[in-house]
Amino acid sequence: MCQRGFRILLFNSIPITYHFFASKPLRNSTISRFLCSSSSEDNLHGLVDPDFSAPESSRVESFSAEEFSFLRDSLLGAGSDTGDSVNESASDSCSNDAVLISDGIRSIGDGFGHKTQKFLRQFREKLNEALVVDVLSLVKNPEMGVKFFIWAGRQIGYAHTGPVYHALLQVLGCDDNGKIPEKFLREIRDDDKEILGKLLNVMIRRCCRNGQWNLALEELGRLKDFGYKPSRLTYNALVRVFVEADRLDTANLVHREMSGSGFKMDGYTLGCFVHSLCKAGRWRDALALIEKEEFKLDTVIYTQMISGLCEASLFEEAMDFLSRMRSSSCIPNVVTYRILLCGCLRKRQLGRCKRILSMMITEGCYPSRRIFNSLVHAYCRSGDYSYAYKLLKKMADCGCQPGYVVYNVLIGGICGSEKLPSSDALDLAEKAYGEMLDAGVVLNKVNVSNLARCLCGAGKFDKAYGIIHEMMSKGFIPDTSTYSKVIGFLCNASKVEKAFLLFGEMKSNHVVPDVFTYTVLIDNFCKAGLIEQARKWFDEMVRDGCAPNVVTYTALIHAYLKARKISSANELFEMMLSEGCIPNIVTYTALIDGHCKAGQIEKACQIYARMRGNADIPDVDMYFKIDDSNIRDPNIFTYGALVDGLCKAHKVKEARDLLDAMSVEDCEPNHIVYDALIDGFCKVGKLDEAQMVFTKMLERGYSPNVYTYSSLIDRLFKDKRLDLVLKVLSRMLENSCAPNVIIYTEMIDGLCKVGKTDEAYKLMSMMEEKGCHPNVVTYTAMIDGFGKAGKVDKCLELKRQMGAKGCAPNFVTYRVLINHCCAAGLLDDAYQLLDEMKQTYWPKHMAGYRKVIEGFNREFVISLGLLGEIAENVTVPIIPAYRILIDSFRKAGRLELALELHEEMSSCTSYSLADKKNLCSSLIESLSLAGKVDKAFELYGDMIKRGGIPELSILFYLVKGLIIINRWEEALQLSDCICQMKA
């Protein structure tokens with residue numbers, strides 16, 4: 001087809017296709033692409049001749065829907081990468097007529113001349129607000145936009161509206177804070193002065209709406225320069241923008257001018273103005289303004305004023321306006337109360353919140369769920385958990401059932417702090433938790449951990465453990481973090497058994513433990529003396545690819561050292577270095593402390609000296625293979641560990657020298673260091689030096705605590721300086737330092753040792769009255785005191801008392817009781833105590849046994865003969881209890897029971913050959929003298945089988961026994977054997 005023929009086809013098809021589009025709506029961008037694409041780089045320029053007029057008789061057949069769809073898709077596909085002259089997103093939202101008009105204005109290109117206006121005639125009857133706005137949005141040329149705006153305004157039956165003015169302003173670039181060029185304004189004024197005035201008013205209001213009060217002032221000046229006056233809408237907009245900008249004085253000036261022009265503010269503007277005045281504390285000016293505007297106060301205006309007063313924290317005035325409101329027959333509505341309540345809530349006026357909440361509920365105005373949630377949160381933050389919990393009931397009464405948010409807010413508020421809540425607060429959390437479960441609501445992950453932690457802290461371990469399972473039944477799946485935290489809580493509360501079970505459950509639920517989980521378990525099991533289990537977990541984490549960190553290694557190394565397993569500790573340290581895990585100052589402090597507790601004070605001092613820079617100590621080279629002095633500078637904890645170790649080893653002079661070294665190194669000693677030194681000097685009987693350290697501690701600003709006083713009182717009792725004990729105790733009470741169970745126990749033990757058992761017993765009664773309950777060490781000291789005073793009946797009575805009060809006797813208690821019963825000849829009571837002891841659970845290994853005797857002083861343990869056995873045996877030293885009973889029954893002539901006890905004792909793994917030899921010798925002597933020679937020979941044979949070498953004295957007793965029962969021949973044979981042995 002020739003070029004001219006295609007032009008005729010295209011031009012004459014326009015009205016026909018328009019009707020097609022009207023009946024079959026298509027994408028508007030299609031029309032612009034179909035008619036022309038003047039900005040495309042591939043466009044055939046000149047295809048549409050603007051000067052060409054098609055003959056009226058020339059017509060072509062319209063495209064069918066299928067043909068047009070095919071042509072549209074082809075053209076869209078071909079031009080998808082070329083871009084269009086019309087913004088596609090804009091054309092998509094505009095009408096077909098708007099696209100035709102905008103494309104026609106651009107394509108004709110006669111500067112909106114005769115041809116363009118002729119083209120537009122066909123759309124005159126269709127002109128309306130929407131069409132003009134669409135055209136202006138498609139015409140990007142400001143000059144063409146103004147001309148079309150003027151042309152449209154001339155058409156009969158059409159008048160410009162607000163949206164049209166805004167569309168024109170957008171075309172003129174006012175969206176970018178630009179000013180309308182004067183030439184366009186003059187062009188509009190020359191055509192219609194009234195329209196220009198309206199346009200300028202719209203421009204001012206547009207600036208106000210955007211918060212551009214400075215531009216609004218400039219446009220106001222230009223409005224007046226053109227000889228126009230602001231309209232009522234413009235004045236209202238100006239007042240609002242200045243009010244919003246807190247320029248109340250300027251807003252007053254505008255209002256004064258507005259009133260001079262005979263205009264009144266609308267209700268919305270007046271409400272904004274009085275709100276801002278009240279917010280600035282100028283509520284009297286607000287009332288004057290309302291009176292000047294002759295506006296009748298209603299609920300809305302009162303509410304806005306109350307809102308402003310609340311923001312200004314003028315709550316008394318706000319409540320006064322609430323009273324005025326009622327007296328003016330304006331009933332506060334739910335919005336009024338909510339604004340007042342939220343205002344008080346934001347300013348933490350929680351007392352007023354209670355009053356307002358009560359008033360609004362009484363009047364049937366209920367807070368929203370969101371406000372209830374905020375109230376619960378606020379009262380939890382203030383610590384008023386009781387009222388926060390009551391709000392849950394109020395929610396339900398208001399038809400707003402408590403849900404997920406409010407329950408988590410309440411429980412999180414009670415349990416979210418690091419500090420444990422009070423028992424009453426925790427009870428509220430538990431009650432809320434129960435109600436939450438009944439409502440089918442679950443806790444979030446954080447609150448599950450927090451509630452479990454608080455329950456563990458309160459000793460409610462079963463409940464804490466149960467929460468995890470209850471939440472799991474509700475679909476909650478604990479992650480590694482949750483499990484780790486709860487395991488940590490259980491371990492810190494010494495509930496290692498439950499921690500162990502929970503860890504097993506964690507793995508059974510396919511939750512992979514992380515390094516934190518393993519480290520918490522390893523550290524706490526090491527502290528409990530369960531090193532073998534801790535090592536199993538260490539090996540497990542290494543096997544499963546979970547790399548131990550420096551804390552993990554340090555905890556296990558420290559435990560090995562304290563258990564005197566030096567080689568295992570060194571092996572683990574080597575492994576730590578080989579894995580690239582760098583030891584830190586905590587590790588070196590643990591090495592020093594561990595060697596001190598293992599009795600290797602010299603090695604601990606060598607490690608410290610090497611840390612201080614002394615390289616000439618080869619014995620500790622293995623610990624210093626990494627040359628990094630920054631991680632080895634001793635800190636207060638390092639010094640504390642070494643001072644404590646030296647003091648416990650009675651090397652108090654070296655410990656005192658270390659205190660001086662700390663001062664030189666500008667490392668201020670803390671309370672722990674001073675307490676260790678005072679205790680060390682007291683233990684070796686150097687009260688004067690202890691007093692000097694005590695004075696220095698006071699000079700440094702540290703107040704003595706119970707441990708400080710405990711060391712002094714213990715020493716004074718040992719020195720029988722009861723007069724000074726009373727002085728120390730008086731000073732302690734003056735400093736508001738209440739004695740604890742340790743100090744009470746020391747005083748009771750001290751009084752018992754000087755024979756004042758009655759006074760000691762009264763002191764024990766007094767400590768209970770003071771709320772300090774005696775522990776097993778206290779009872780044992782008192783029992784020992786009564787026993788030494790010959791009051792064994794009081795010993796047994798006290799043992800019954802401690803059981804009734806929930807304090808179980810331990811191994812030492814039974815040992816003391818058995819000793820005193822045997823000494824008093826109460827052998828049946830002693831035997832019964834032994835039987836009771838056997839039926840009671842006892843730790844079977846030395847680590848656990850050491851826990852049992854913690855709290856007893858060294859001299860007391862030595863007096864019972866236990867200290868040596870603790871060092872020699874790895875199991876509980878039960879032999880001494882048997883030994884004394886056997887000896888007592890033997891001396892009383894009750895040999896059957898003595899033999900029975902000996903047989904039981906022989907089954908103990910800790911029964912040494914020396915023990916057996918001594919006891920057997922005594923029993924053989926007694927049996928022989930009692931005429932029970934056959935039994936004596938059996939015992940003798942058993943001793944020989946076990947490797948015992950009998951003394952000759954035993955054989956003499958056997959001979960004597962045979963003579964007593966007239967078995968002379970056997971006696972002579974045995975005597976002959978003895979003579980041959982001597983020879």
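Let's start with one residue. Asp666 is exposed, with a relative accessible area of 73%. Where does Asp666 sit in the chain? Asp666 is in the loop between helix H37, residues 652-664, and helix H38, residues 671-683. Keep in mind that this is a predicted model.

Now the backbone. Most residues other than glycine have a negative phi. Asp666 is not a glycine, yet its phi is positive, at about 60°.

There is another case to look at. Asn966 has a positive phi of about 65°, and Asn966 is not a glycine either. Is Asn966 buried or exposed? Asn966 is exposed, because its relative accessible area is 57% and the cut-off for exposed is over 50%.

Let's step back to the whole protein. The model has 56 helices and 0 strands. There are 983 residues, and 48% of them count as buried. The accessible surface comes to about 47900 Å². Carbon and sulfur atoms hold 52% of that surface. Residues 24 or more positions apart account for 64% of them.

Next, helix packing. Two packed helices are described by the angle between their axes and the distance between the axes.

Take H32, residues 550-562, and H33, residues 566-578. They pack at an angle of about 165°, and their axes are 7 Å apart. So H32 is roughly antiparallel to H33, since the cut-off for that word is over 145 degrees. Their crossing is left-handed. Which residues meet there? From H32, they include Val550, Tyr553 and Leu556. From H33, they include Ile566, Ser568 and Phe573. By class, this contact has 12 nonpolar residues, 1 polar and no charged.

Now a second pair. H35 covers residues 601-611, and H36 covers residues 636-648. Their angle is about 150°, with the axes 10 Å apart. That makes H35 roughly antiparallel to H36. The crossing of H35 and H36 is left-handed. On the H35 side, the residues in contact are Ile601, Ala604, Cys605, Tyr608 and Met611. On the H36 side, they are Thr638, Tyr639, Leu642, Gly645 and Leu646. How many of these are nonpolar, polar and charged? The contact of H35 with H36 has 8 nonpolar residues, 2 polar and no charged.

Terms used. Residues numbered from 1 in each chain as written. Predicted model: local features only at pLDDT ≥ 70, side-chain atom pairs only at ≥ 80, totals over all residues. Heavy atoms only, no water. Helix = DSSP H or I, 4+ residues; strand = E, 2+ residues; numbered from the N terminus. Buried < 20%, exposed > 50% of the residue type's maximum accessible area, 1.4 Å probe, protein only. Contact = heavy atoms within 4.5 Å. Areas by Shrake-Rupley, 256 points an atom, 1.4 Å probe, with all protein chains shown as cover. Axes fitted to C-alpha atoms, helices over the stretch in contact; angles between N-to-C directions. Parallel < 35°, antiparallel > 145°, perpendicular 65-115°, else oblique. Left-handed = near helix turned anticlockwise from the far one by under 90°. Nonpolar A, V, L, I, M, F, W, Y, C, P; charged D, E, K, R; others polar.
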